[in-house]
Amino acid sequence: MADPVNVLVCVKRVPDATSEIVLTDDGQGVDGRLAGFTMSNHEQCAVELAVRIAAATGGEATVLTLGDADAVEQLRAALAVGCTAATHVQADSQQFGPADVAREIAAVVRDHEAAGRSHDLVLLGNDAADTGDFQVGIRLAYALGRPVVNGVGQVVVEDDGVTASGAGPDGFETYRLPLPAVVTVLEGGVEPRYPTVPGRMKAKKVPIEERSPAQEPAGAARVRWSLPPAAPSDVQVLGKGADAAPAVVDLFEQLGVLAR
Amino acid sequence: MILVLVEKDLDGAAVEVSLEALTFARSLSEAGGGIPIDAVVVGDVSPDLRESLAAYGVRDVHTLGGEAFAAFAGSAWASGIETVLASTSSVVLMAAGTPRGGEVLAHVAARADVAMAANVLGFDGLAPFVVTRQVVGGQAVEAMQLSTRPTLFTVAGHAVEATPAAAQGAATVVAHEPEVAAADLVARVVSTDEPEPDLSGSLKSARVVVGAGRGAGGENGFDDLLELADLLHAPLGVSRVVTSLGWRPHHEQVGQTGSRISPDLYIPCGISGAIQHWAGCSSAKAILAINTDPDAPMVTKATHAVIGDLHEVVPAINAEIKRRRAG
Amino acid sequence: MAEVPSTADVVVIGAGIVGNSLVHHLTRLGWKNVVQIDKGALPNPGGSTGHASNFIFTVDHSREITDLTLDSMKQYKEMGVFTESGGFEIARTEERMEELRRRMSSAKAWGIEASLVSPEFVKEKVPFIETDQFIGAFWTPGVGVVDSLRAGTIMREQALATGELTVVPTVEVTGLDTEEAPNGNRRITRVRTTGGDIEAGTVVIAAGVWSPKLGDMAGISIPLTPAVHQMISVGPCPQLAEREGEISFPIIRDMDTFCYERQHGADMEVGSYAHRAILHEPEDIPSIEQAKLSPTEMPFTSDDFDPQLEQAYELMPDLLGAEGAEMRYAINGLLSLTCDGNPILGESEVAGLWTASAVWIKEGPGVGRAVAEWMTHGHSEIDLHHSDIARFHDHQKRREHTRLRTTESFIKTYGIVHPAEQYASDRDQRLSPMHDSQQKLGAVFFETAGWERPFWYESNAGLLEEYGDAVMPREHEWDSRWWSPIINAEHLRMREAAAVIDLSAFCIFDIEGPEALEVVQTTCVAQCDVAVGKVIYTPVLDAKGGFRSDLTVMRLGEHHFRVVTGGAHGMADRAWFSGHLPEAGTTTLTDLTDDVSTVGIWGPRARDILASLTSDDVSDEGFGFLSCREITVSTGSGGGTTVLASRISYVGELGWELYVPMGSAAELWEALLDAGRPHGAVPAGIGVYGTTGRIEKGYRAYGAELDAERTIIEAGMQRPKVKAADFVGKEAYLAQREAEPQAVLCTLTVDDHTSASGTKRYMLGGEPILTPAGELLTDGHGHHPYVTSAGSAPSLGKHVLLAYLPPEQAVIGQQLAVSYMEELYPVTVGSVDATPLLDPTNERIR
């Protein structure tokens, strides 16, 4: 059995945007009060991978977030599905650009390392569900001087190295790299588990490491957000009753789902 | 100068979204008083590719060659682009908003410690340079100020229509074979295969799913639906009420408390589209709803619909499929 | 975009369980051209019905709610959407067991099969429950679950089948137009929607949590608040999955943790009423498009639920912790709460604009039927006065009031609520002019209709010693909660000397104009065409001859009547009289409640005391019983205060109600206390006025003995003659007089209070009356007798109960039993009509 691999998984509290969204009055973000808050699907998969890797290697899965006091909810959600430690950088995430966030994560990793807690593997989502910057993981890798793989669905640790794979433009691509490393996760490679009742209860009891940002953020260079015009409902009625059958099968052919 | 990363498809041609990025670059060039546009391509440039880059007004085509670029490594590509940027003293670096385009630009941005904007839709002004870009998965638009040099951004797919330039560019090929540090080759693709099948269950990975709800009418109301499923090689997915009533087993349930599916086509039959259920099927690419109620949420949210009783419609579809296959 | 018809006889806004039930019952009762609209799509437009847990527990302490629930259950069964599962309400503490024993009283009173069972009994039916977590349970085998969406569809389709219903989903109401009649009353004329306008003279708002928003459009208050009920679904659980069907295990209500566990197929749903009250404003509910699930399934706040989750896990660890059982669905579901916990039903102050809101699944079909009957006939079979929209006073119409009260009461959903329990929030809304003085006297205030009313005065504590055991002290904490023996001491002093009682909470309104006599004659049973200066006590009936109210009317002039009625029901009475005013506006109703205060003085020395303060003739000859006139009373400022004195009594003593302008009331109060002191008079609270004084005299109270399901005959209140003039309910009343009563209101006394443990127990009301052997009694309506009022009768040294008995049991001296906390106590029938046990010939009043 190889050494335990300690994983740090980074999540962000974001407004749930599966329905029609409403912006805050100041135009700086989404009003999450109506639909609630969550972490992105990518991050849910990253959490799932972190838990699996920690379990497989006997390591620890730590979850980290940068956000306001309410972001603890997302930490608890990750703890409920198997993470065992949590760190909360208390800050208004809207004031932090992607470079700022990467710097803060790096600071946590270094501080933990100095305290004897290494994070051999750092997992992040491919992109934040709200700001969609697509770059925090890569900036973090440079800040830590680690290699980084971006946008993969599956991550396993074997032989003291990481094997990461996912769909690329030329096919299903596989990377193999040594630890320590950074990987950003795209949803779809694993099915994130739901919390169990005992899991949720355990999560409630885990102490959360609270800390302040390491430095003042440079900001996100955001001017403001706006909503594009709404798309109309566009259901195409193929017909009524049995008479619609030919049109239906035409559709099957058109979608290419009829092949034997 | 504006440098655009152009990605190739498996046949070596420029991908559509890279051509869109070039079109976008041209509008930026025009606003800036005719700044020249160069392309950077990893690997060989075929005559056809060169021709199409010329059609899009490209001045020089920079190629990155050598063993370091034989397999993808984001940091290696960034390192190569840095060389080109330096040699051309470019002020703007662009790519299409593909996973790879975004990844490579993020590497460049991190290395140069400059900002990068992802999924840009347009720009509002040059000084300051304010871009609009997609956020929240395209549900909202952000105006963002890009003040660092070089200015890095990716162009959202289909934000502009790919249009050849009025005046051809020279598309002069400038070959580069830069040194790449070993550290930049650590995270590198080691193998590329056909995608593996998803093993997380037939419902979750199915291309087509036939759905059944209360409209099935009872435990014995599934025969036609199962036949349709069989004809389409599709699994059956059911609503919560169907499993609650004991008509079908729990593992077939789609929805909040069942499986989340994302097929190319979902065919919910006699399912009104309770929110519970919708949460499990909303990521289907196409939805053909068969329902007696034209106002049922599943019908209004679907891409296609047939209004009618599933016990009439489904047998007719089955017969039509068999007729065509026989014919 | 959907389009609505341009006219309708009635528009029902809402297609949840209530709206669907309404369209069914309205078309069944013959309504034509019915239009039902909803802003959502069918069959689940996204309101509270769509996420309801859909189970029905039948036993409630309120008869009105129980009746609506039982009727709803009957309808669900007829539609084939009811599945019986049985239900347990489990007790973790002895205090809860006592509450379950009290619940048994209600079950017996309402005739619902139930029993108290051991943890082992529960385990036999629910094998995955941990018996060491609780000590007993209340078992109701008839509990079950319904498919409320299916029921709604069935009822809508039944209505559609009549050809009289048009259903238009996905249109939103944008306005409700009204027009004003010359008398100032408004009437509904039109519903504006995103699909066009509908001209309609009758409109029902059945829009659940959105009802307040719709009410605002017509300028009426529908004071409910959307509140969060948290629910999670855990599954699949193998223990549940192996059995077929939606539900095969009884539902558990874990009363002490405010949770329930309800099987739903392979999942276990755990719901909670224990978290802090999470309230929303109707305007802050997301639209259908903005909502992640539905507008009334708000994002789950897991922190609030965690403590409940832990307790649920302790109760069912094997099930909730089963391999593969995950929390996949969790919501903060919105439902409607009101300041007093009752629905909001009936016609609003805008004529033709009705509401049926704040209704839960268990009451939905019953409410639909009752409101449809009310709309059709002017009354319903089930008495709905606790739910009448007209009940709200102005202070209760404020959103702030609803918010504060529901915040306080949310936890009472599964709480142990004493029948006399007082709210702590939003008090001091209406203070009588004597409030300061009363505080100095150590008044203990109870609230009625926002008024702070002294229930007793600690300043009278000294009387306890004087009267000793005659104050009938109560040993048991529950029996003596919200009670004091000082009440009985005040009572005894009143009977011995006199008592001064603040009655500022009375609702008082004047009816003036050429048709004033006609208005009161039409609304009142008693003859109102009396000499000016006469006081009339009268029942007020609905068209089917059930009680709408009982109140007093004074004729102050040829065309001037003053109505005095209790504060609690006053607003409904005002609405009733207001609705009988002529449209032309020539006769008016003026509310004087906030202008006129009332002080009562009663007792053998009352005349002496009043005479010492006035030179007007207050002798029996000069100021006879049931007459009223202005007199001048000298008060502290030296001058005289003009008061309207009315010689009447609700406590069976000589005395007066004195109506005085608010500004002079405090002076009058002090003057009466000062003048009374040498005579031994004390201030007395509502405990005397409302309970001990009246119960000794067998006086009936509206809301306890009297309601729309009771008749004058059954209440024993008939007079020898019926007036010639026509009045509402006359025809029914005449028929009732010819028929044998199905039940008879009797006064009973408790013969022995000693419980098995030796503690003396005192019933508080609501308990079943049984045979001495504990067998159920049944009256001619098929109802079972229960205690409508209970209280001390200190002058008799007895604890007195009022109850409607089967006629054959209504015999003086009949021996029966009352069941209290699952023990039987012997009682004896003392009176079978309105004849008082104390002073049957009413000598004391003269």
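Tutor: Helices here are DSSP runs of H or I with at least four residues, strands are runs of E with at least two, and both are numbered from the N terminus. The model is a predicted one, in which local features need pLDDT of at least 70 and side-chain atom pairs count only at pLDDT 80 or more, whereas totals for chains, interfaces and linings use all residues. Residues are numbered from 1 along each chain as its sequence is written, while chains are lettered from A and ligands numbered from 1 in the order in which they are written.

The part to look at is helix α4 (residues 136–144) of chain A, which is largely enclosed by the rest of the structure because eight of its nine residues are buried (20 or more other C-beta atoms within 10 Å of the residue's own, with C-beta atoms placed from the backbone). Among the buried residues of α4(A) are Val136(A), Ile138(A), Arg139(A) and Tyr142(A). Their cover includes α3 (98–114), β6 (121–125), β7 (148–152) and β11 (181–185) of chain A, together with α4 of chain B. After α4(A) comes Gly145(A), which has a positive phi near 65°.

The partner chain leads on to the interface, where 67 residues of chain B are in contact with 57 residues of chain A, contact being C-beta atoms, placed from the backbone, within 7 Å. Helix α4 (residues 99–112) of chain B gives the most to the side of chain B that touches chain A, with nine residues.

Elsewhere, strand β10 (residues 171–178) of chain A and strand β10 (residues 189–193) of chain B run antiparallel, joined by four bridges; in β10(B), Val189(B) is the bridge partner of Tyr175(A).

Definitions and conventions:
Two residues are in contact if their C-beta atoms, placed from the backbone, lie within 7 Å. Two strands pair if DSSP finds at least two bridges between them. A residue is buried if 20 or more other C-beta atoms lie within 10 Å of its own, exposed if 12 or fewer, and partly exposed in between; C-beta atoms are placed from the backbone.
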